[in-house]
Amino acid sequence: MEQRDSFRTRLGFILSCVGSAVGIGAIWLFPYRVGEFGGAVFLIPFIVFTILLGFTGVIGEMTFGRAMKTGPLGAFKKGLEQRNKHFGKLLGIIPVLGSFGIAMGYAVVVGWFLKYTLQSFTGAAIYNDDSTAFFVRIAGDYGSLIWHFISSFALLLILFGGIQNGIEKINKIMMPLFFAIFLFLVVRVAFLPNAFEGYKFLFQPQWDKLLEPKIWIFALGQAFFALSLAGSGTLVYGSYLKDDVDIFNAAFYVVIFDIVAAILSMLIIIPAVFSFSMQPAAGPPLMFMVMPEIFKQIPFGSVLAGIFFLAILFAGVTSLVNLFETPIEALQKEFGLSRKVSVFIVVSVGFVLGIFLENGDYLGKWMDIVSIYIIPLGALIAAIIFFWVCKPDFIRKQLQLGHDKPVSELYIMLGKYVFCGLTAIVYCIEIIRNL
């Protein structure tokens, strides 16, 4: 068996975790929620829950992975063995399948963004008669199969490089570029005609909405999925982490950058939408149908659209490598396969099965099933095993690694009751909301 890889630097680990969290869904969904709930008032519960979940769940999953030096299959197994239980590996299959299931669909969407990026620069994606019809063609039956293949092949090459030479390097390039592009677009959007109307909508929030349970429920779900909590990817990245890294510090930066990415996407999309008298609560079509219509009306719109979709593409790729890493690690660890063989099997099978999700309607239903029924369940099981099943002395020792100050008992209590409780709430709400 190959020697286990690890992150070379703390920065590389942090950027990789940020890359896994700052995904396509978080970027398009957050501005939509802001539009739906009347402005930046949505930021308040979102930030509250992001901090709570980040400093319990993210730290917990990172620490769990580093403590066990393996992904969900091995980590769940070792955790339950501390209580003489021997079905941990069976439970570990849930987050592995969840991660792989989401990755299959995500690869299709990354193919869409690859096509949008290149065809925005050429003008084909922007200067057409109907942006909606253009998107429908892409999201129709096998409308982007070649782009799906290209994105999967590129992913194969990245993952062949392993942790240090693949995942860490790509995140060190793509994440700084993502934030640089978004900062540039924030400034550019500020000069659009009537952009001020968007800022008025954002920063004259309807404070009475904070009394509505619905805004807190949706903010909780947004924060949970924006942090990529699933008992899989963050746990696996933690398993590649050296013992001298301060996980509390790393989680702090993940939380900060996740919030910053959400705010930047809000400051780009909402003023742009208001500038051209469109609906800020347009929902999922906002990214593919509304934004291209806006870029049509801006000087050098094709270039700006290409830059915009390039940033989204970077976010998609960094999230996708994280999602595929969980089943790749499982094959390496459980079957003793080489890194390259494991990568080839996982990405190839993901591509072949993903062909059946090429239709946007099928893709949406599949992603809903996995994200509603499997992803939160994997996160909940991981949290219960780490905070409730693992022995308290073991938890304290692992949390203390790399951390200068004594870890408070309060932190473990927060993990037990706040994170496990909130995760259970997310799981129940998502199921009830989609009955």
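Biologist: How are α16 and α18 oriented to each other?
Modeller: Happy to start there, bearing in mind that this is a predicted model. The axes of α16, residues 360–389, and α18, residues 409–433, cross at roughly 160° and come within 9 Å. Angles over 145 degrees count as roughly antiparallel. Therefore α16 and α18 are roughly antiparallel.

Biologist: What is the handedness of the crossing of α16 and α18, and which kinds of residues make up their contact?
Modeller: The crossing is left-handed. On the α16 side the contact includes Ile372, Leu380 and Trp388, which belong to a set that meets residues of α18 including Tyr411, Phe419 and Ile431. By kind, the residues of this contact divide into two charged, two polar and 18 nonpolar.

Biologist: How many disulfides does the structure hold?
Modeller: A disulfide needs two cysteine sulfur atoms within 2.5 Å. For Cys390, the nearest cysteine sulfur is that of Cys420, 11 Å away, and Cys390 is in no disulfide. Cys428 is in no disulfide either, with the sulfur of Cys420 as its nearest at 13 Å. For the structure, the number of disulfides is zero.

Biologist: Is Cys390 buried or exposed?
Modeller: Under 20% relative accessible area counts as buried. Cys390 has a relative accessible area of 1%, so Cys390 is buried.

Biologist: And what does Cys428 count as, by relative accessibility?
Modeller: Here the value falls between the cut-offs of 20% and 50%. Cys428 has 44% relative accessibility, so Cys428 counts as partly exposed.

Note on methods
Residues are numbered from 1 along each chain as its sequence is written. This is a predicted model: local features need pLDDT of at least 70, side-chain atom pairs count only at pLDDT 80 or more; totals for chains, interfaces and linings use all residues. Side-chain values use heavy atoms; hydrogens and water are left out. Axes are lines fitted to C-alpha atoms, for helices over the stretch in contact, and angles run from 0 to 180 degrees between N-to-C directions. Helices (H or I, at least four residues) and strands (E, at least two) are DSSP runs, numbered from the N terminus. Angles under 35 degrees count as roughly parallel, over 145 as roughly antiparallel, 65 to 115 as roughly perpendicular and the rest as oblique. A crossing is left-handed if the near helix is turned anticlockwise from the far one by less than a right angle, and right-handed if clockwise. Contact means heavy atoms within 4.5 Å. Ala, Val, Leu, Ile, Met, Phe, Trp, Tyr, Cys and Pro count as nonpolar, Asp, Glu, Lys and Arg as charged, and the others, Gly among them, as polar. Buried means under 20% relative accessible area, exposed over 50%, partly exposed in between (1.4 Å probe, protein chains only).
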